[in-house]
Amino acid sequence: MAERVTIQNIADALGLSRNTVSKALNNHPQIPDGTKEKILQKAAELKYKNFSTMNMGNIALLTRGDINVISFYAETIKGMETALSAQGFNLILTLVKPEDIRNNALPANINPFNIDGIVCIEIFHKPYIETILGAGIPTVFIDSLPNTVFDSHKYDIVMVENEFATYTLTKTLIEEGHANIGFIGDLHHCRSFYERWLGFERAIRASGHEPNPAFSITPDDTQPYLSVEWMTAQLKDLAQLPTAFVCANDDIGICAIRALKEMQVQVPGQIEVTGFDDIPNAKIIDPPLTTVHTYPYELGIRVVETLLSRIERPDRHKETIYLDTSVVLRGSTRRRSELGEVAELHSN
């Protein structure tokens, strides 16, 4: 029996990518008519007749086995699924276990024979990143290591704009008259957190002051930042409470508000709190959290565009792509009452 002709056989015969051939056989409008005609001719020549039941391409979504991570990125994953389905790809969720990271071992299904591309979420361990890249599969990262702000890196990163948005939030607090402002979060957790801290620091320095570490809570992320009990203890350990906190994300901001309530400290009357991401709970916490909206669904679409471009052109230059964000002022800061029930300030 003759060996079955595959899409890869057609791609190899024409010197094209598997993705290009798959799209042409599916009559995708992105493929030029001339290229499409050559592919169809070669498919007929090689007696490839399985047009209607072709296997779709596979994209692996690598992330830590943490339900909170998956929940946070739910809209981003939805955007990815929509964009990939339109291009003839399946999205396969693959959880990376702690022992995989410790042993620098990829999950068993991640190999160039059944995976066309990889998207990494919350993978912030440098040796493991090198292991993923070593598989030779086109890969895009959502966010990355904090040191990629200043060091070179050899992979694509898609993320939201962080520094100017946090600068804008902090500047708003300073314009209200705040001189003692603290930051809550591990600035070395990821690139996004580090850039948010850079924006916080830049706004304070621009006002003619120096950031005061005594007002901040920044231990490493092995600490339970989302524990109200832990956060309350951290706040009580400060020699003096600041008059405002800029938090690395909404979950931390919400925890800070709850901890301050435990201490009978009024928000925003005695202390103001801001977050980042605009998660659903930011709207329903009392008071609602001033934050930064990040458009997660659009992030998923852009990630797919970047990955498919990398699949088509493996040798093109590497990119770091930022998506616009917007500041949303709510009840956890006093400026909101001046501007209306919900006010939005565009950070770009």
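Mentor: One definition comes before the rest: helices (H or I, at least four residues) and strands (E, at least two) are DSSP runs, numbered from the N terminus. This is a predicted model, where local features need pLDDT of at least 70 and side-chain atom pairs count only at pLDDT 80 or more, while totals for chains, interfaces and linings use all residues. Residues are numbered from 1 along each chain as its sequence is written, and side-chain values use heavy atoms, with hydrogens and water left out.

Trainee: Where is Gln264 placed?
Mentor: Gln264 is in the loop between helix 11 and strand 8. Its phi is positive, about 65°, although Gln264 is not a glycine.

Trainee: Why is Gln264 called exposed?
Mentor: Buried means under 20% relative accessible area, exposed over 50%, and partly exposed in between (1.4 Å probe, protein chains only). Gln264 has a relative accessible area of 67%, so Gln264 is exposed.

Trainee: What makes Asn104 partly exposed?
Mentor: The relative accessibility of Asn104 is 33%, and therefore Asn104 counts as partly exposed. Asn104 also has a positive phi, near 50°, in a residue other than glycine. It lies in the loop between helix 6 (98-103) and strand 3 (117-121).

Trainee: Which residues does a cis peptide bond join in the loop that holds Pro268?
Mentor: The cis bond joins Val267 and Pro268, with omega about 5°. Pro268 is in the loop between helix 11 (250-262) and strand 8 (272-274). The bond from Asp286 to Pro287 is cis, with omega near 0°, and Pro287 sits in the loop between helix 12 (281-284) and strand 9 (291-293).

Trainee: How many aromatic pairs does a search of the whole structure find?
Mentor: The search finds 7 aromatic pairs. Rings of Phe, Tyr and Trp (its six-membered ring) pair if their centres lie within 6.5 Å; planes under 30 degrees apart count as stacked, over 60 as edge-to-face and the rest as tilted.

Trainee: Why is the pair of Phe164 and Tyr167 called stacked?
Mentor: The ring centres of Phe164 and Tyr167 are 5.7 Å apart and the planes are at 20°, so the pair is stacked. Both residues lie in helix 8 (residues 163-175), 3 residues apart, about one turn of the helix. Phe164 counts as partly exposed, because its relative accessibility is 33%. Tyr167, at 15%, counts as buried.

Trainee: What makes the pair of Phe183 and Phe200 tilted?
Mentor: The centres of Phe183 and Phe200 are 5.5 Å apart with the planes at 45°, so this pair is tilted. The pair links distant parts of the chain, with Phe183 in strand 6 (residues 181-184) and Phe200 in helix 9 (residues 191-206), 17 residues apart. Phe183 and Phe200 are both buried.

Trainee: How do you know that Arg202 lies over the face of Tyr167?
Mentor: A charge sits over a ring if NZ of Lys or CZ of Arg is within 6 Å of the ring centre and within 35 degrees of the ring normal. Arg202 lies over the face of Tyr167, at 4.4 Å from the ring centre. Arg196 lies over the face of Phe276, at 3.7 Å from the ring centre.

Trainee: Which strand order does the open sheet of 6 strands have?
Mentor: The order is 2-1-3-4-5-10, with parallel pairing. Two strands pair if DSSP finds at least two bridges between them. Strand 5 (residues 156-160) and strand 10 meet this with 4 bridges, in the parallel sense.
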